Amino acid sequence: MSGEEILVCAVQLGENFCLYFAGLECDAFCKEKILHRVLRNVNSQLLVVRPDLNMAAFEDVTDQEMKAGSGMHFNIHYYKTTTPSAGMPVAFSIQVEDKNYYMCCEKECGKMIVRFREGEVPKEIPGESNVIFFKKTFTSCSSRAFKFEYSLERGMFLAFEEEGCLRKLILKKLSREDEVDETMKISF
């Protein structure tokens, strides 16, 4: 039991002596605001989405490429929540060649995979969702860098993994909660 107090006001006593309450909310996410940002890793590489290849990777990008940048400018959708202790709930979307895509996680061959699906991020999410990540500060002394925990699997974070010359976007499990893993560090 936590020390958190919840004020509950009975509104009505119904038949069979059932109490009815007002002001209670169910666990849900409701879109609050949207920020437009590029996402960078610890090496200052930009996250680039390539839906045709069904992948996203951190790449070295010139200023000129970034200005023209298809697949680089993310919409970060912030949601209000009734359970704020987990972190700030966010979802990611991006526009590539006049099509909208949203980031989600799916299980494939027993492994969680980051995907970009065509479509829009929902305005309201009534319960759990594979599009929600909890934004947390990377470390207490690093307020401009973040890590993003997958909402459906505690301890799984967005990160990058080197695969040949690519740094692919993946979900990675932290072995300990106090572990600092630079591959999970993402800044705006």
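Two strands pair if DSSP finds at least two bridges between them. In this predicted model, strands β7 and β8 run antiparallel and are joined by four bridges. Strand β8 also pairs with strand β9 in the antiparallel sense, over eight bridges.

**Strands and hairpins**
- Strand β7 covers residues 88–96, strand β8 covers residues 99–108, and strand β9 covers residues 111–118.
- β7 and β8 form a hairpin with two residues between them, and E97 in the turn has a positive phi of about 50°.
- V96 has K99 in β8 as its bridge partner.
- The hairpin of β8 and β9 also has two residues between the strands, and C109 there takes a positive phi near 55°.
- Across this second pairing, M103 stands opposite F116 in β9.
- In a regular strand the side chains alternate between the two faces of the sheet.

**Residue E108**
- E108 belongs to strand β8.
- Leaving aside residues up to four places away in sequence, E108 touches I113 and R115.
- The side chains of E108 and R115 are joined by a polar contact of 2.3 Å.

**Nonpolar cores**
- The largest nonpolar core has 28 residues, and those with the most contacts inside it are F92, F116, F133, L158, L169 and L171.
- Strand β7 gives the most to this core, with four residues.
- A second, separate core has nine residues, including A91, C104, V131 and I132.
- Beyond residues up to four places away in sequence, L158 touches a list of residues that includes F92, M103, F133, L169 and L171.

**Aromatic rings**
- A search of the whole structure finds eight aromatic pairs.
- The rings of F74 and F92 have centres 6.5 Å apart and planes at 90°, so this pair is edge-to-face.
- F74 is in strand β6 and F92 in strand β7, 18 residues apart, and the pair links distant parts of the chain.
- F74 and F92 are both buried.
- F74 also forms a tilted pair with F116, with 6.3 Å from centre to centre and 55° between the planes.
- F116 lies in strand β9 and F74 in strand β6, so this pair ties together parts that are 42 residues apart in sequence.
- F116 is buried, as F74 is.
- One aromatic cluster is formed by F74, F92, F116, F133, F146, F148, Y150 and F188.

**Lysines over rings**
- K33 lies over the face of Y78, at 5.0 Å from the ring centre.
- K147 lies over the face of F157, at 5.2 Å from the ring centre.

Methods. Residues are numbered from 1 along each chain as its sequence is written. This is a predicted model: local features need pLDDT of at least 70, side-chain atom pairs count only at pLDDT 80 or more; totals for chains, interfaces and linings use all residues. Side-chain values use heavy atoms; hydrogens and water are left out. Contact means heavy atoms within 4.5 Å. A polar contact is a pair of N or O atoms within 3.5 Å; within protein, one must be able to donate a hydrogen and the other to accept it, and residues adjacent in sequence count only if both atoms are side-chain atoms. A nonpolar core is a set of buried Ala, Val, Leu, Ile, Met, Phe, Trp, Tyr and Cys residues joined through side-chain atoms within 4.5 Å. Buried means under 20% relative accessible area, exposed over 50%, partly exposed in between (1.4 Å probe, protein chains only). Rings of Phe, Tyr and Trp (its six-membered ring) pair if their centres lie within 6.5 Å; planes under 30 degrees apart count as stacked, over 60 as edge-to-face and the rest as tilted. A charge sits over a ring if NZ of Lys or CZ of Arg is within 6 Å of the ring centre and within 35 degrees of the ring normal.
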